[in-house]
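Please open the structure in a viewer and keep the selection panel at hand.

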Amino acid sequence: MKKISLLGLGLFTAMAATAQTNVVNDAKHMLDQAKPDYAAVQKTIQPALQDPSTANTAMPWYINGKAGFGLFDNAYMQEALGTQLSADQKKTAGIGLLDGYNSYMKALPLDVEIDKKTGEPKLDKKTGQAKPGKLAKEMVKTMKDNYISLKTGGIYLFDVQDYSGAYDVWEMYVNLPSNPVLGTDAPKAEADTLVGQIMYYQLLAALSSDRNAEALAKVPQIEKTGYKNIDVYVYGIEAARRLNDSVAQLDLAKRGYAEYGTQNVSFVGQLINEHLQQNDFDGCYKLVNEAIEATPDTMSTIKSQLYDILGVIYEQQDKNDAAIEAFDKAISLDETQGKNYYDKARVIYNNAVKIDESLVEAPESERKAKVDPLLLDAAKLFEKAYEIDSTNLTNIPSILYRLYYRLGAGYEEQAETWKDR
């Protein structure tokens, strides 16, 4: 076996360290130009951010961070002068700003004064902490001065659908004032409600990038700021649904209903589902009737949805006539809701199937006379529902195929029409 020379290994390490030092010097020289190419600076410095010989020193991170801030500043200045930024420019600016902050956060603890005699960090006599180096003051000032820019950087990324990046930029905005790395030099946070609004945007961004746990965690944070928006609860419930967290869904529905009442029917729906699971029909009726009573006629769509919910409650108790009456009321209030027609059709169809199965021994003519009119009524309603909302009511074609197939002779063409949709 060939012997490995320890001297050779040491020489290789020294050469690698020298190479990365050269990379840092090259990038610093590029950064010191009158009009630096910030993207090129970041590309040049990357190897030094990976190699331990330089990655554990402040300068590479400082260079990368300063270039990141430069990328954002260039774009922001162009926009201020009336230039419409492209999607690529917005993305570069937003990512650059975040890169600037993250790089400076890594650089700050590494930038300390070194005692030339001992080679150890100098300590502050009052705090006992290592004294910051020459770069620290500039980095802290830059982060403080760009605090409000974090809102803009997040907007840039949200606009180009980099939702995860937008979330991270805004997270820096939310947390920077309390970041212990900056201490007393941290920027002062904006008013709570303004911070709450940015958190709400984070909630949207997290949902849009499937960061559902983070989206759900934002809801109580937003509540603490006093920022008011009904969609905080609506989107919070959606995040909980995606996480299969029924406890959180119900809890958010209760809080949303307590704050906004029937302004969004999803709150009432969640609460009613809880009562239905417990077979507490009295609780269901009480809740939905209170909601109907509290909803003005001018809010016809919401009232229509509430009557549709009432119909479903009646249906659960096999009170089909009352259910159909409720669905008719829902339709009369808002004829644009496909679900109202669908729910009425479903009750009629299911009733027809029961009657059909109960008349197996009866003459064919008697069975068809009682069943076929119901099936045809249901078919019209299903078709109307599908015409209104084919996007959500995707199971209707298969229902109509079975329905027309059950009707038999004379309805073959209709059955074929719905067979492969």
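Is R255 buried, exposed or partly exposed? At 26% relative accessibility, R255 counts as partly exposed; buried means under 20% relative accessible area, exposed over 50%, and partly exposed in between (1.4 Å probe, protein chains only). The model is predicted, so local features need pLDDT of at least 70 and side-chain atom pairs count only at pLDDT 80 or more, while totals for chains, interfaces and linings use all residues. Residues are numbered from 1 along each chain as its sequence is written, and side-chain values use heavy atoms, with hydrogens and water left out.

**First stop: E223 and R255.** Select E223 together with R255; their side chains meet in a salt bridge of 2.6 Å, N to O. A salt bridge here is a side-chain nitrogen of Lys or Arg within 4 Å of a carboxyl oxygen of Asp or Glu. E223 lies in helix α10 (residues 212-225) and R255 in helix α12 (residues 246-260), so the pair ties together parts that are 32 residues apart in sequence. Helices (H or I, at least four residues) are DSSP runs, numbered from the N terminus. E223, at 28% relative accessibility, is partly exposed.

**Second stop: D356.** Next, select D356 in helix α17 (residues 338-358). With 9% relative accessibility, D356 counts as buried. Its side chain meets that of R406 in a salt bridge (2.7 Å, N to O). This pair links distant parts of the chain, as R406 is in helix α19 (residues 396-407) and D356 in helix α17, 50 residues apart. R406 is partly exposed, at 32%. A polar contact of 2.7 Å also joins the side chains of D356 and R367; such a contact is a pair of N or O atoms within 3.5 Å, one able to donate a hydrogen and the other to accept it, and residues adjacent in sequence count only if both atoms are side-chain atoms.

Select D308, E315, K339, D343 and R346, which are linked in a network of salt bridges. The whole structure has 28 salt bridges.

Select L150 and I272, the residues with the most contacts inside the largest nonpolar core, which has 91 residues. A nonpolar core is a set of buried Ala, Val, Leu, Ile, Met, Phe, Trp, Tyr and Cys residues joined through side-chain atoms within 4.5 Å. Helix α4 (residues 58-80) gives this core its largest share, nine residues. Finally, select A378, F382, Y386 and L400, which are among the 25 residues of a second, separate core.

Conventions. Helices (H or I, at least four residues) and strands (E, at least two) are DSSP runs, numbered from the N terminus.
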